[in-house]
Amino acid sequence: MANENQYEPPLERVEFDINDINSEVAHSAVREAVKDLNGVRDVQFVGGGAVVIYNPIGITKEEICTAIRRSGYRATEITSSPPK
């Protein structure tokens, strides 16, 4: 049985600082804004921000940041990591 993910490119991780993110309402708004974007695999909330795991072939960090901003929150990229 072939591994279905063997052709998927390595994922990347980017962390955003997001204003006023410390509520369930904010988490829901940001999660809804990015979860269906092409390439986004996971969103985790940490401290005053979010970590997004994504496929860099499907979407850029800037596009993710723009989607968060459109949900009504100010997002600033803190760190990004190359694939592991």
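Asn55 lies in the loop that links strand E3 (49-54) to helix H2 (61-70), where helices (H or I, at least four residues) and strands (E, at least two) are DSSP runs numbered from the N terminus. The model is predicted, and local features need pLDDT of at least 70, side-chain atom pairs count only at pLDDT 80 or more, while totals for chains, interfaces and linings use all residues. Residues are numbered from 1 along each chain as its sequence is written, and side-chain values use heavy atoms, with hydrogens and water left out.

- Asn55 counts as buried because its relative accessibility is 8%, and buried means under 20% relative accessible area, with exposed being over 50% and partly exposed in between (1.4 Å probe, protein chains only).
- The side chain of Asn55 reaches the backbone nitrogen of Ile57 at 2.7 Å, a polar contact being a pair of N or O atoms within 3.5 Å, where within protein one must be able to donate a hydrogen and the other to accept it, and residues adjacent in sequence count only if both atoms are side-chain atoms.
- Not counting residues up to four places away in sequence, Asn55 touches Pro9, Leu11, Gly39 and Arg41, where contact means heavy atoms within 4.5 Å.

**The chain as a whole**

- The chain has two helices and four strands, and read along the sequence they follow the pattern β-α-β-β-α-β.
- Of the 84 residues of the chain, 33% count as buried.
- Among the contacts with a separation of 6 or more, 69% are between residues 24 or more positions apart.

**Strand pairing**

- Strand E1 runs antiparallel to E3, and six bridges join them; two strands pair if DSSP finds at least two bridges between them.
- Within this pairing, Phe16 stands opposite Ala50 in E3.
- E1 also pairs with strand E4 (residues 75-81) in the antiparallel sense over six bridges, and Glu15 stands opposite Thr79 in E4.

**The nonpolar core**

- The largest nonpolar core has 20 residues, and those with the most contacts inside it are Phe16, Ile18, Val30, Val43, Val52, Ile64 and Ile68; such a core is a set of buried Ala, Val, Leu, Ile, Met, Phe, Trp, Tyr and Cys residues joined through side-chain atoms within 4.5 Å.
- Two or more residues of this core come from each of strand E1 (12-18), helix H1 (24-34), strand E2 (40-46), E3 and H2, and H2 gives the most, with four residues.
- Leaving aside neighbours within four places in sequence, Val30 is in contact with Ile18, Ile21, Phe45, Ile68, Ser71 and Tyr73.
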